[in-house]
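Thank you for passing this structure along for comment. My remarks are set out below as numbered points, to be read beside the sequence and the coordinates.

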Amino acid sequence: MICENVFCIYNKDEGCIVEEIELDIQGKCTSCEYVDVDDEYLKRKKKEALEGYEY
């Protein structure tokens, strides 16, 4: 199964390692578990990504 959610713990090499999944009414995987990203790390990465952009 192809998986594009890089923040899901079950995503490996652009695929899902769960054998059978269910989708909710919006088409989202009900098995998805997100990686916990520290707020400071997220803020730092956002700042780095925005460097060079004018907004």
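This is a predicted model: local features need pLDDT of at least 70, side-chain atom pairs count only at pLDDT 80 or more; totals for chains, interfaces and linings use all residues.

1. A search of the whole structure returns two salt bridges. One of them joins Glu 40 to Lys 43, with the closest N and O atoms 3.8 Å apart, and this pair sits within helix H1, which covers residues 39-50. The two partners are three residues apart, about one turn of the helix. As the cut-off for a salt bridge is 4 Å between a side-chain nitrogen of Lys or Arg and a carboxyl oxygen of Asp or Glu, the 3.8 Å contact is within the limit. Lys 43 counts as exposed, because its relative accessibility is 53% and the term applies over 50%.

2. The other salt bridge links Glu 48 with Lys 45, and here the closest N and O atoms are 3.1 Å apart. These two residues also belong to helix H1 and are three residues apart, so that about one helical turn separates them. Glu 48 is partly exposed, with a relative accessible area of 39%, and Lys 45, at 38% relative accessibility, is likewise classed as partly exposed.

3. Most residues other than glycine have a negative phi. Asp 13, however, has a positive phi of about 50° although it is not a glycine, and Glu 14 has a positive phi of about 65°, again without being a glycine. Asp 13 counts as exposed at 72% relative accessibility, and Glu 14 counts as exposed at 66%. The C-alpha atom of Asp 13 is separated by 20 Å from that of Leu 23, which lies 10 residues away along the chain.

4. Val 6, Phe 7 and Tyr 34 together make a nonpolar surface patch of about 370 Å².

5. Which residues lie nearest the centre of the largest pocket? They are Cys 3, Asn 5, Lys 28, Cys 29 and Cys 32, from a lining of 16 residues. The volume of this pocket is about 220 Å³. By class, its lining consists of 12 nonpolar, three polar and one charged residues.

How values were computed:
Residues are numbered from 1 along each chain as its sequence is written. Side-chain values use heavy atoms; hydrogens and water are left out. Patches are made of residues with over 30% relative accessible area and no salt bridge: like charges are joined within 9 Å, nonpolar side chains (Val, Leu, Ile, Met, Phe, Trp, Tyr) within 5 Å. Accessible areas come from the Shrake-Rupley method with a 1.4 Å probe; for residues, only the protein chains shown count as cover. On a 1 Å grid over the protein atoms alone, a cavity is a set of points where a 1.4 Å probe fits but cannot get out, and a pocket is an open set with protein on both sides within 12 Å along at least five of seven lines; lining residues have an atom within 4 Å of a point. Grid points are joined across faces, edges and corners, and a volume is the space filled by probe spheres set on the points. Ala, Val, Leu, Ile, Met, Phe, Trp, Tyr, Cys and Pro count as nonpolar, Asp, Glu, Lys and Arg as charged, and the others, Gly among them, as polar. Buried means under 20% relative accessible area, exposed over 50%, partly exposed in between (1.4 Å probe, protein chains only). Helices (H or I, at least four residues) and strands (E, at least two) are DSSP runs, numbered from the N terminus.
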